[in-house]
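Work through these exercises with the sequence and the 3D structure open. Try each task before you read its solution.

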Amino acid sequence: MNVDVTAKNQADWYQDAVFYELYIRAYRDSNGDGNGDFRGAIKKLDHIQSLGVNCIWVMPMYPSPLKDDGYDVADYLGIHPDYGTLADFKAFLDAAHARGLKVVTDMVMNHTSDQHPWFQAARQDKHSPYRDYYVWSDTGSEYADARIIFLDTEPSNWTYDEVAGQYFWHRFYSCQPDLNYDNPQVHEEMFNALRFWLDMGIDGFRIDAIPYLYEREGTNCENLPETHQFLAKMRRMVDEEYPGTLLIAEANQWPHDLLPYFGTEEEPEFQVCFHFPIMPRLYQAVKAGDKTPIVDILNDTPEKPAGTQWMTFLRNHDELTLEMVTPEVRQWMWEQYAPEPRMRLNLGIRRRLAALLDHDKQKWFLLHALFLSLPGTPIIYYGDEIGMGDNIWLPDRHGCRTPMQWNNNLNAGFSSYENTYQPVLAEYPQVNVAAQEDEPDSYLNLTRFLIRARQGQAALRRGEMAWVETGDTAVLAYRRFIHDEGVLCLFNLSSQPQRFALHHERRDLLSPEARLSGTIELKPFAAHWLVLA
């Protein structure tokens, strides 16, 4: 039985959705200034729709000095001039909705840019009401148990400000002072920012860096009770004033620490939480030919509350984080996937998906078939649908944020301006959307095929999961099932053929003509989604 609930505009639409992460600066330049913008993105919405995704996640589009690609917000109620105007954003939103695509945007709640008028007023006058919008110290010695997240660049979570004559607190870059959530006025400012965009018609928010909102002496300043009290208050406001709004938690934490971010039935917080630890283990398992890391982390993932969902991804705009693996596994992952020191960043790897896999399409297909069949709402990162590469010689994480490659014209059809915001990758004459449109086995058409196959099975979208014993660490198998519909997901993680015994004849959703029965041979890096024939 195929239960098609994707077409319904139900409140829990996110349970069935596939998301597409969109970096506006990188997508399409409509006015020839070398920067992507909302008018350009409107022209490419048909491409996004063609993938079969349901929702676009727009990375920060706010006015910003762009020292952290917009995660350093200088105004929560505007659009960066490079990206267009508020009217352009509204036109983009309406055009997406007209195609049945929902839109969520990033909301950076933990910190602002040091160029934000609040911080500028705060540092210049100790008696300004804005002084209490941030966290200050005379000594910079408080909260010593909090880890430093950007180890490569930040020696401390405190930075001395000469104008203010005090230290200010920041969990990320020193250009991003943390807001003071002990001040109720900050709550109201952030609620007003949410209301502003919800009034415009967006469908929800990905709330960035939420474990760090509060600081308390003697703690690691993460996942504090006060943070959850604020988040429950935020959810109440949103549910009362804008029912149906989706809230997604970006919290780079272990599954047990993530669980409280869903909240409780009485005090809900987020409908969806990012599941960070599964992502590096997918790469680890494929490289090692061993399913154990995947099985272990999913067995260690607690049951989530009814109506909530995990969010999964293979890559995104950040480094491939290795925070939540052992030091030994981290070193091994660096050796396997980032042999050049330049490929490493913080506790992670600054490489794109196809480059990580040495542009091996078989492994790419296996990883996607695996990730798209696991429980959770999946995200596709722009450019990964065509197997885009990266440029490790760009600073920070910019090498994974280069212009989208549309065709083999000037600047890959991204911009008519010679000097684009980052250089277009040299691969673009071969790796671009136009070149892949008519090639059945291109990355682009395989992405469309996999998403379409997933979306056609309610069991893969919102079914339960149960392991199937294979007697072989190289062969991963599990069932996804809902009502009387089930899919057996079967993967050979190794470079050697393996054998697996089927008890019933099955049809392979990934090779629709194939009928399989008895003991079958799994080719190296094979992926199968099997239903009863």
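An axis here is a line fitted to C-alpha atoms, for helices over the stretch in contact, and angles run from 0 to 180 degrees between N-to-C directions. Helices (H or I, at least four residues) and strands (E, at least two) are DSSP runs, numbered from the N terminus. The model is predicted: local features need pLDDT of at least 70, side-chain atom pairs count only at pLDDT 80 or more, and totals for chains, interfaces and linings use all residues. Residues are numbered from 1 along each chain as its sequence is written, and side-chain values use heavy atoms, with hydrogens and water left out.

**Exercise 1. Describe how H9 packs on helix H10 (residues 292-299).**

Step 1. Recall the method. Two packed helices are described by the angle between their axes and the distance between the axes.

Step 2. Apply it. The axes of H9 and H10 come within 8 Å and cross at roughly 160°. H9 is therefore roughly antiparallel to H10. The classes are: under 35 degrees roughly parallel, over 145 roughly antiparallel, 65 to 115 roughly perpendicular, and the rest oblique.

Step 3. List the contacts (heavy atoms within 4.5 Å). H9 brings Ile278, Arg281, Leu282, Gln284 and Ala285, while H10 brings Pro293, Ile294, Ile297 and Leu298.

Step 4. Sort them by class. Ala, Val, Leu, Ile, Met, Phe, Trp, Tyr, Cys and Pro count as nonpolar; Asp, Glu, Lys and Arg as charged; the others, Gly among them, as polar. The contact of H9 with H10 holds 7 nonpolar, 1 polar and 1 charged residues.

**Exercise 2. Which residues of H10 are buried, and what do they pack against?**

Step 1. Buried means under 20% relative accessible area, exposed over 50%, partly exposed in between (1.4 Å probe, protein chains only).

Step 2. Pick the residues. Pro293, Ile294, Val295 and Ile297 are the buried residues of H10.

Step 3. Find their partners. These buried residues pack against helix H8 (255-258), H9, H13, strand S15 (464-467) and strand S16 (475-482).

**Exercise 3. Place Pro277 in the fold.**

Step 1. Locate it. Pro277 sits in the loop between strand S9 (272-274) and helix H9 (278-288).

Step 2. Pro277 has a relative accessible area of 1%, so it is buried.

Step 3. Look for neighbours. Leaving out residues up to four places away in sequence, Pro277 touches Gln253, Trp254, Pro255, Ile297 and Met324. Met324 is 47 residues from Pro277 along the chain, yet their C-alpha atoms are separated by 6.0 Å.

**Exercise 4. Describe the crossing of helix H13 (residues 361-371) and helix H15 (residues 443-455).**

Step 1. Take distance and angle. The two axes come within 11 Å and cross at roughly 20°. H13 and H15 are therefore roughly parallel to each other.

Step 2. Name the contact residues. Lys361, Trp364, Phe365, His368 and Ala369 of H13 meet Tyr443, Leu446, Thr447, Phe449 and Leu450 of H15.

Step 3. Count by class. This contact has 7 nonpolar, 2 polar and 1 charged residues.

**Exercise 5. How many disulfides are there?**

Step 1. Set the rule. A disulfide is a pair of cysteine sulfur atoms within 2.5 Å.

Step 2. Count. The rule gives 0 disulfides. Cys400 is in none, and the nearest cysteine sulfur, that of Cys175, is 19 Å away.

Step 3. Cys400 is buried, at 2% relative accessibility. Cys489 is buried as well, at 0%.
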